[in-house]
Every structure is written in C-alpha cells, then in structure tokens.
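Me: I'd like to go through the helix packing in this model, then the salt bridges and the chain contact. Can you take it pair by pair?

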Amino acid sequence: VGAQRLDFAEFYRGARDECLRTVLVSVGDQDTAQELVDEAFARACASWRKVSRHPAPAAWVVRTALNVNISRWRRRRREVSVPDLGTVKDLPTAPGATDGPVDPRIMAALLQLPARQRQVIALRLFLDLDTGRTAEVLGVAPSMVKAHLARALAALRDHLVPTHEQERSS
Amino acid sequence: MNDHDLITAVRDSFTDVHSHTPVERIVTRSRAVRARRRIPALAAALAGTAAAVVAVTSLLPGPQAGGGLTAAHSLRARLLAAIDAARGDVLSAQGRPSGPGQHGGSDQTLTFPWYPRPGQHPPGSRVRLPRRRPAHSSTTRHPGHPSQPRAISGMTVLPAMARRSGRSTLAAGVRSCMLQVACR
C-alpha cells in the first residue's frame with residue numbers, strides 16, 4: 001500500500017498541472033476545473049491499482065473529470081435551469097476569460113469553440129496524446145479527431161491572428 | 001502564423017496555470033470515495049442477509065404450523081383411542097372367563113399390558129378417553145400413544161388392524177381366536 005501511495009504521489013505531482021490545464025480549456029472556469037481535477041485524482045487514487053495499468057493515466061483522469069462535470073451538470077439541471085454544457089462562454093462563472101492567469105484573448109478564442117473541438121485541442125496540446133489515443137478517450141473515430149483539430153486551429157487562427165496578417169502570410 | 005506557432009502560443013499561455021492541492025488532501029478525499037463505493041456493497045449484503053433470514057423463517061414451521069400439527073395429532077389420537085375402545089369391547093367380550101365349550105372361550109384370563117399404565121401418556125399429547133364407556137368393561141382403559149404398536153403376548157396389533165377389528169365383528173372374532181392360541 002505504501003509503494004502504491006508513493007507511486008500515486010509521483011504521478012500526481014507530474015500530471016496535475018497538465019490535467020488542470022486540459023480540464024480548464026474544456027470547462028472554461030479555473031475553480032471548477034480545479035474541483036473537477038481534484039475529484040478525478042481522488043477517484044484515481046481510490047482505484048490506483050486499476051488506473052496505474054491504464055496506458056494513459058492522465059487521460060483517464062481528464063476523462064473522469066469531464067464525466068464528473070457532466071454528472072454535476074445533470075444534477076444541477078434537475079434543480080435549476082442551467083445553460084447547455086457546451087456553451088461555457090455564457091456561463092456566469094467563467095472568469096477565466098478575463099481575470100485568470102491565461103491570456104484573455106486566447107481564452108476567449110478557446111471558449112468560442114464548440115465543446116468537442118475544445119476537448120480535442122486540450123488533449124492534443126496539453127496531454128500530448130496522439131490521434132488514436134485522443135479518439136479513444138473521447139469515444140469518437142480518429143478521423144473525427146483530425147477534423148475537429150483542423151477546424152479548431154482554423155477558428156483559433158481567425159480569432160487570434162489579425163486579418164491583414166493572414167492576408168500577408170497567404 | 002502556421003499551426004506550430006499557433007499551438008505554441010496557446011500552450012505557452014497556460015504555463016502559469018498550476019494546481020496547488022497537496023497530495024495529502026487528494027489521498028484523504030480518496031478515502032471518502034472508497035467509503036462512498038462501499039455503501040452500495042454494504043446495502044446489497046444487508047439486503048441479501050435480510051432476504052435469507054425471511055426465506056428461512058418462512059420455510060421453517062412456525063407457531064401456527066406447530067399448532068396445526070398438534071391439532072392433527074390430537075385428532076388422530078382421538079380416532080385411534082375410539083378404535084381401541086371399540087376393539088376393547090370385542091376383546092373383553094371374547095376374553096371373558098368361560099369354560100371350554102362355552103362360546104369357544106378359554107379359562108385363561110387375557111391381560112392387556114398396554115392398559116392402564118401410569119405415565120404412558122406422552123407429554124403434551126391430548127389423548128382423551130372416549131365418553132362412551134363400553135357396557136361390559138370393568139376397567140378403565142388408557143390407550144398408549146397411538147403411534148406405538150401394541151404388543152399382545154408376542155403379537156403386534158397395528159392401528160390399521162385395530163381399525164379393521166373395530167369395524168368388523170367377524171374379524172375381531174378371528175383375531176380373538178388367534179390371541180387365545182397364542183396364549184396357550
């Protein structure tokens with residue numbers, strides 16, 4: 001048990017920042033992302049014997065955090081009227097776009113992407129997952145991952161790069 | 001700006017995002033997660049135990065079933081006691097001291113070892129004597145437990161035989177002759 005605890009602590013110290021960034025891109029709120037990541041890491045610690053054998057434990061944590069977010073959204077939807085999970089830019093608790101450690105321009109551009117494209121960007125950029133693993137985590141086809149990534153990068157370029165620079169580069 | 005520069009810019013913008021939750025808090029929270037997971041298992045185990053207890057309780061005979069058995073036992077005992085009484089009438093009539101040639105009787109006195117024998121009633125049995133006393137009977141008869149076969153001088157009288165002898169006088173006569181032969 002002690003060896004497992006040390007193993008998990010080492011994994012946690014190495015993957016917590018990447019997992020937090022990935023979940024932050026998906027949910028758009030740093031506090032919510034921190035809460036989700038903590039819950040996901042706690043579940044990973046509770047099932048560390050199984051999670052440690054996973055080919056990508058960090059991806060398992062991110063997937064678990066996103067599932068927890070979906071479960072919370074479903075619970076809250078029964079109590080009060082909440083907006084759709086994908087429209088994080090309309091959430092009132094999305095201060096990450098303005099007063100977080102992330103560049104507000106980039107955060108706003110990311111939050112304007114559809115939820116699936118944000119997840120693809122996060123998994124590919126922050127967890128360095130390949131197309132196959134990303135498709136496995138998201139439960140979609142690899143070709144769909146490639147399509148989402150291409151559309152997301154095109155949308156980000158439209159938001160971040162000024163039009164005259166795009167014309168100059170083209 | 002190509003794709004590589006764009007990806008680098010997005011990635012660099014998140015370099016200041018760090019998680020500050022200590023691992024001890026995560027481990028403590030994992031214990032709560034484990035406890036939450038145990039609740040359904042414990043509930044399932046409790047439900048299984050309760051179901052097993054209910055099943056065993058319903059299958060085993062309870063007080064009501066025991067009362068029914070006692071009532072059936074009492075009814076059977078009453079019936080057999082009545083049959084014994086009827087058989088006793090016949091035997092006492094056939095075993096009256098009489099000389100040779102008188103109704104084929106015998107000088108020997110027939111003794112009935114199962115009649116009255118103190119303490120022969122099984123505890124809890126509700127065997128009652130029939131109200132109608134035999135006309136020629138001079139002794140009080142206490143039949144034994146009806147489930148026990150009666151032994152009369154080396155002869156076993158089963159309840160079924162007793163029933164037959166009680167019903168048919170002819171059969172009782174034959175049986176009486178057999179008893180006399182045995183006594184000799």
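Me: Which residues of α6(A) meet α9(A)?
Reply: On the α6(A) side they are A:Arg105, A:Ile106, A:Ala109 and A:Leu110, and they meet A:Leu156, A:His159 and A:Leu160 in α9(A), where contact means heavy atoms within 4.5 Å. By class, that contact has five nonpolar, one polar and one charged residues (Ala, Val, Leu, Ile, Met, Phe, Trp, Tyr, Cys and Pro count as nonpolar, Asp, Glu, Lys and Arg as charged, and the others, Gly among them, as polar).

Me: Before more of that, what should I know about the model and the numbering?
Reply: This is a predicted model, in which local features need pLDDT of at least 70 and side-chain atom pairs count only at pLDDT 80 or more, while totals for chains, interfaces and linings use all residues; side-chain values use heavy atoms, with hydrogens and water left out. Residues are numbered from 1 along each chain as its sequence is written, and chains are lettered from A and ligands numbered from 1 in the order in which they are written.

Me: OK, at what angle do α6 and α9 of chain A pack?
Reply: Helix α6 (residues 104-111) and helix α9 (residues 142-160) of chain A pack at about 140°, with their axes 9 Å apart; helices are DSSP runs (H or I, at least four residues), numbered from the N terminus, and axes are lines fitted to C-alpha atoms over the stretch in contact, with angles running from 0 to 180 degrees between N-to-C directions. α6(A) and α9(A) are therefore oblique to each other (under 35 degrees counts as roughly parallel, over 145 as roughly antiparallel, 65 to 115 as roughly perpendicular and the rest as oblique).

Me: And what about α1 and α2 of chain A?
Reply: Helix α1 (residues 2-27) and helix α2 (residues 30-46) of chain A pack at an angle of about 140°, with axes 9 Å apart, and that makes α1(A) oblique to α2(A). Their contact includes A:Phe8, A:Phe11 and A:Tyr12 of α1(A), and A:Leu36, A:Val37 and A:Phe41 of α2(A); by class it has 15 nonpolar, two polar and two charged residues.

Me: How does α2(A) pack on α4(A)?
Reply: The angle is about 120° and the axes are 8 Å apart, so α2(A) and α4(A) are oblique to each other. Among the contact residues are A:Glu35 and A:Glu39 of α2(A) and A:Trp60 and A:Arg72 of α4(A), and the whole set divides into nine nonpolar, three polar and four charged.

Me: Switching topic, which residue of chain A forms a salt bridge with A:Glu35?
Reply: A:Arg72 does, the closest N and O atoms being 3.4 Å apart, where a salt bridge is a side-chain nitrogen of Lys or Arg within 4 Å of a carboxyl oxygen of Asp or Glu. The pair links distant parts of the chain, since A:Arg72 lies in helix α4 (residues 57-79) and A:Glu35 in helix α2, 37 residues apart.

Me: Which residue of chain B forms a salt bridge with A:Glu35?
Reply: B:Arg29, with the closest N and O atoms 2.6 Å apart.

Conventions: Helix = DSSP H or I, 4+ residues; strand = E, 2+ residues; numbered from the N terminus.
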